[in-house]
Amino acid sequence: LEKNKRIPIIWLHFQECTCCSESFIRSSHPIVADILLDKVSLDYTETLQAAAGHQAEAIKEQTMKESYGEYILMVEGSVPMEEDGVYCCIGGKSAQQILEEAAAGAKAIVAWGNCACAGCVQSANPNPTGARSIKSLIKNKPIVNVQGCPPIAEVMAGTVVHLLAFGRIPQLDALGRPKAFYSRRVHDTCYRRPYYDAGLFVESFDDENAKRGYCLYKMGCRGPTTYNSCGIIRWNNGTSFPIQSGHGCIGCSEEGFWDQSPFYKR
Ligand code: SF4
Ligand code: SF4
Ligand code: F3S
């Protein structure tokens with residue numbers, strides 16, 4: 001990795017909340033500054049770049065031309081297809097146009113988070129903007145779906161490091177997610193699992209069983225159907241994850257989690 005040339009990266013933002021970027025910059029293993037400053041050339045990203053306006057667009061055009069077939073395209077956000085894409089335009093172009101132009105010369109594409117991987121909350125029924133995932137629009141490039149809302153920082157950084165170190169995308173599961181991080185259910189690595197197996201459950205958020213830290217399955221926890229590394233890597237430098245803070249998993253790394261049964265019932 002030390003000898004590899006810095007790979008150009010174009011990081012696009014469409015319909016999203018920017019928390020995937022927020023997550024990424026908090027990676028501590030590896031430290032994200034080490035990746036951004038030493039290993040890649042992050043030529044374009046609306047969130048982190050100093051340039052703006054015509055200058056920023058010119059840099060992107062230059063990378064697309066001079067590094068055709070070599071750069072990695074990273075996308076955060078879904079693409080609106082209704083009304084000719086009017087719901088998300090940057091520099092006078094629709095998100096669809098921007099995506100297709102940048103994808104043409106990309107060596108591979110990384111879709112960050114549930115917005116880019118599957119549409120996320122913007123595509124919630126009745127999906128007024130016609131929000132679509134990247135994989136539904138680009139069919140001729142290798143695509144890595146780094147799922148979650150957002151994905152775990154170290155999972156994002158680990159995916160980037162794999163691309164840089166091996167020059168190819170990692171092994172993927174059936175939904176296009178890196179197997180290294182998405183092959184096990186949250187339920188399989190959850191420290192509350194012994195309570196599940198023993199039939200000890202929280203019955204309401206303020207009961208004695210909640211204070212004892214029993215299993216959250218009856219509170220709607222979706223850990224048994226959710227594939228992610230939260231129980232192993234955790235969040236905020238390994239500090240915690242939703243279940244550890246007393247709330248069930250809402251399945252944020254799975255397609256359609258927004259349109260499934262309500263998170264809370266009266
Ligand atoms: Fe935000 Fe979630 Fe979309 Fe990431 S996947 S940009 S965290 S809404
Ligand atoms: Fe499984 Fe959720 Fe219970 Fe953990 S809290 S054991 S993930 S059902
Ligand atoms: Fe998301 Fe569930 Fe992890 S809600 S952050 S996959 S515990």
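**Entry 1: ligand 1**

I looked up the surroundings of ligand 1 in this predicted model and found Glu16, Cys17, Cys19, Cys20, Glu76, Gly113, Asn114, Cys115, Cys120, Cys149 and Pro150. I took a residue as near a molecule if its C-beta atom, placed from the backbone, lies within 6 Å of it. By class, this shell holds seven nonpolar, two polar and two charged residues. The classes I used count Ala, Val, Leu, Ile, Met, Phe, Trp, Tyr, Cys and Pro as nonpolar, Asp, Glu, Lys and Arg as charged, and the others, Gly among them, as polar.

I then asked which helices each supply at least two residues of the shell around ligand 1. They are helix 1 (19-24) and helix 5 (113-118). Helix 5 gives the largest share, three residues. Helices (H or I, at least four residues) and strands (E, at least two) are DSSP runs, numbered from the N terminus.

**Entry 2: conventions**

I note that residues are numbered from 1 along each chain as its sequence is written, while chains are lettered from A and ligands numbered from 1 in the order in which they are written. As the model is predicted, local features need pLDDT of at least 70 and side-chain atom pairs count only at pLDDT 80 or more, whereas totals for chains, interfaces and linings use all residues.

**Entry 3: backbone around ligand 1**

I checked the peptide bonds and phi angles of the protein chain. Cys149 and Pro150, both in the shell around ligand 1, are joined by a cis peptide bond with omega of about -5 degrees. Pro150 lies in the loop that runs between strand 9 (143-146) and helix 6 (153-166).

Cys120, also in the shell around ligand 1, has a phi near 50 degrees, a positive value in a residue other than glycine. Cys120 sits in the loop between helix 5 and strand 8. Is Cys120 buried or exposed? Cys120 counts as buried because it has 24 C-beta neighbours inside 10 Å. The cut-offs are 20 or more other C-beta atoms within 10 Å of its own for buried, 12 or fewer for exposed, and partly exposed in between, with C-beta atoms placed from the backbone.

The loop between helix 5 and strand 8 (131-132) also contains Pro126. I found a cis peptide bond joining Asn125 and Pro126, with omega about 15 degrees. For reference, most residues other than glycine have a negative phi, and most peptide bonds are trans.

I counted 15 residues around ligand 2, the closest being Cys190, Cys215, Tyr217, Cys221 and Gly223. Its shell divides into ten nonpolar, three polar and two charged residues.

Ligand 3 is surrounded by 13 residues, of which the closest are Asn228, Cys230, Pro242, Cys249 and Cys252. Eight residues of the shell around ligand 3 are nonpolar, five are polar and none is charged.

I also noted Arg234, which is not a glycine but has a positive phi of about 60 degrees. Arg234 belongs to the segment after helix 9 (208-212). Arg234 is partly exposed because 17 other C-beta atoms lie within 10 Å.

**Entry 4: domains and records**

I recorded two domains, domain 1 (7-181) and domain 2 (186-245); the bounds come from an automatic or database domain assignment. Their centres, taken over C-alpha atoms, are separated by 31 Å. Six residues from domain 1 and six residues from domain 2 take part in the contact, where two residues are in contact if their C-beta atoms, placed from the backbone, lie within 7 Å. The side of domain 1 that touches domain 2 has three nonpolar, two polar and one charged residues.

From UniProt I took the annotation "domain: NADH:ubiquinone oxidoreductase-like 20kDa subunit" (unreviewed entry), covering residues 17-163. Over residues 17-163 I find 37% helix and 19% strand. UniProt also lists "domain: Cytochrome-c3 hydrogenase C-terminal" (unreviewed entry) for residues 182-264. Residues 182-264 are 14% helix and 0% strand, with the end C-alpha atoms 26 Å apart. Such annotations may be inferred rather than shown by experiment.

**Entry 5: whole chain**

I counted nine helices and nine strands in the protein chain. The radius of gyration is 20 Å, close to the 18 Å that the globule rule gives for 266 residues, so the protein chain is as compact as a globular protein of that length. The radius is taken over C-alpha atoms, and the rule is 2.2 Å times the number of residues to the power 0.38. The C-alpha trace spans about 60 × 45 × 30 Å along its principal axes. Of the 266 residues, 42% count as buried.
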